[in-house]
Amino acid sequence: MFAIVRTGGKQYRVAAGDKIVVEKLDGEAGSSVTLGDVLLVGEGSELKPTDGLTVSAEIIAQAKGEKVIVFKKRRRHNYRRKNGHRQNHTILKITAIGAQEEKKAAPKAKKAAAPAETPAAEA
């Protein structure tokens, strides 16, 4: 079974046991995370409804990506700027696909007790 999930503005195709690198998520190594934005679920060539499905994952590590050098130059103006950037990532291991999302039951409205019929005041 596979699923397409959206996190960090990107979409990932995942299956149970896969390891993926996503944009930084809150949490420490060893904690579990649920990805609730499931776009598509399927098994083989058959697609299944995604109503209320989630994908559960375990955080393996918080890491930084490769360094990217940003170099700006305008010729003949003696303008040079050099910057570096390392993006923060979270490495996830997918543990299960298709866990039902636990919805909290809405508080039941208490039925207003019908007021006891009062005898009409005799005039």
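Trainee: Which residue in β7 is the bridge partner of Val 33?

Mentor: Ala 57 is the bridge partner of Val 33 in β7. Please note that this is a predicted model, in which local features need pLDDT of at least 70 and side-chain atom pairs count only at pLDDT 80 or more, while totals for chains, interfaces and linings use all residues. Residues are numbered from 1 along each chain as its sequence is written, and side-chain values use heavy atoms, with hydrogens and water left out.

Trainee: How many bridges join β4 and β7, and in which sense do they pair?

Mentor: Two strands pair if DSSP finds at least two bridges between them; strands themselves are DSSP runs (E, at least two residues), numbered from the N terminus. Here β4 and β7 pair over 4 bridges in the antiparallel sense.

Trainee: Which residues of strand β4 form the covered face, and which the uncovered one?

Mentor: In a regular strand the side chains alternate between the two faces of the sheet. In strand β4 (residues 32-35), Val 33 and Leu 35 make up the covered face, and Ser 32 and Thr 34 the uncovered one.

Trainee: In what order do the strands of the open sheet stand?

Mentor: The open sheet has 4 strands in the order β2-β1-β5-β6, with antiparallel pairing. At its edges stand β2 (10-15) and β6 (46-48); each has a single partner strand, so one side of each is left without a neighbour in the sheet. From one strand to the next, the twist averages 30° (axes are lines fitted to C-alpha atoms, and angles run from 0 to 180 degrees between N-to-C directions). Within this sheet, β1 and β5 run antiparallel and are joined by 4 bridges, and Val 5 stands opposite Val 38 in β5.

Trainee: Is Thr 7 buried or exposed?

Mentor: Buried means under 20% relative accessible area, exposed over 50%, and partly exposed in between (1.4 Å probe, protein chains only). Thr 7, in strand β1 (residues 2-7), counts as buried because its relative accessibility is 10%. Leaving aside neighbours within four places in sequence, Thr 7 is in contact (heavy atoms within 4.5 Å) with Tyr 12, Val 22, Leu 25 and Leu 35. Ser 56, in strand β7 (residues 53-64), is also buried, at 17%. With the neighbours within four places in sequence left aside, Ser 56 has contacts that include Val 33 and Thr 34.

Trainee: Which residues form a nonpolar patch on the surface?

Mentor: A patch is made of residues with over 30% relative accessible area and no salt bridge; like charges are joined within 9 Å, and nonpolar side chains (Val, Leu, Ile, Met, Phe, Trp, Tyr) within 5 Å. A salt bridge is a side-chain nitrogen of Lys or Arg within 4 Å of a carboxyl oxygen of Asp or Glu. Leu 39, Leu 40 and Leu 47 form such a patch, with about 240 Å² of accessible area together (Shrake-Rupley method, 1.4 Å probe; for residues, only the protein chains shown count as cover). Leu 40 belongs to strand β5 (residues 38-43) and is partly exposed, at 31%.

Trainee: What is the phi of Arg 76?

Mentor: Arg 76 has a positive phi of about 65°, although it is not a glycine. Arg 76 lies in the loop between β8 (68-74) and β9 (79-85) and is exposed, at 71%. Asn 78, found in the loop between β8 and β9, has a positive phi of about 55° and is not a glycine either.
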